[in-house]
Amino acid sequence: MCMLTNDIYDYYNVSQGKITIPGMDDGEEFQLTDQAFDILGFTKEEKENVYKITASVMHMGGMKFKQRGREEQAEPDGTEEGDRVSKLLGVDSQQLYTNLVKPRIKVGNEFVTQGRNVNQVC
């Protein structure tokens with residue numbers, strides 16, 4: 001459902017610190033968390049959405065961007081991870097990338113698109 005692998009190192013955002021804690025079983029912790037959602041009255045769909053949002057953040061760490069030629073404009077460097085994020089969040093992949101590299105911002109009373117460089121996008 002979340003399109004995740006079993007290798008934590010595939011996910012930059014969550015593999016930068018300690019990845020194991022002695023005496024802690026991740027599978028057991030997951031089951032306890034899932035049961036807590038049930039106790040709190042979360043529906044199946046709400047629980048799945050929490051997992052999908054979490055997985056999206058994990059996948060976003062793998063999104064890559066590159067500088068376009070001599071311009072200061074960033075562009076996607078592959079779209080595999082972004083496509084996964086889009087599917088999990090239920091948004092259009094092309095629109096996701098457009099909003100990351102050329103967001104619409106308010107200037108005075110008008111909205112304009114502003115190109116971002118790689119550092120700004122990341």
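Which residues make up the largest nonpolar core? The core has 9 residues: M63, F65, A74, V85, L96, Y97, V101, V118 and V121. A nonpolar core here is a set of buried Ala, Val, Leu, Ile, Met, Phe, Trp, Tyr and Cys residues joined through side-chain atoms within 4.5 Å. The model is predicted: local features need pLDDT of at least 70 and side-chain atom pairs count only at pLDDT 80 or more, while totals for chains, interfaces and linings use all residues. Residues are numbered from 1 along each chain as its sequence is written, and side-chain values use heavy atoms, with hydrogens and water left out.

**Annotation and overall make-up**
- The unreviewed UniProt entry carries the annotation "domain: Myosin motor" for residues 1–122; such annotations may be inferred rather than shown by experiment, and positions follow the numbering used here, with feature names shortened.
- Residues 1–122 are 44% helix and 11% strand, and their end C-alpha atoms lie 26 Å apart.
- Helices (H or I, at least four residues) and strands (E, at least two) are DSSP runs, numbered from the N terminus.

- V118 touches F65, K66, Q67 and A74, not counting residues up to four places away in sequence; contact means heavy atoms within 4.5 Å.
- In soluble globular proteins, nonpolar side chains tend to be buried together.

**Salt bridges**
- The structure holds 7 salt bridges, each defined as a side-chain nitrogen of Lys or Arg within 4 Å of a carboxyl oxygen of Asp or Glu.
- D34 forms a salt bridge with K47, with the closest N and O atoms 3.2 Å apart.
- D34 lies in helix α1 (residues 26–39) and K47 in helix α2 (residues 44–60), so the pair ties together parts that are 13 residues apart in sequence.
- Both D34 and K47 are buried, where buried means under 20% relative accessible area, exposed over 50%, and partly exposed in between (1.4 Å probe, protein chains only).
- A network of salt bridges links D34, D38 and K47.
- E80 pairs with R84 in a salt bridge, with the closest N and O atoms 2.8 Å apart.
- E80 and R84 are 4 residues apart in helix α3 (residues 80–89), a separation of about one helical turn.
- E80 is exposed, with a relative accessible area of 54%, whereas R84 is partly exposed at 23%.
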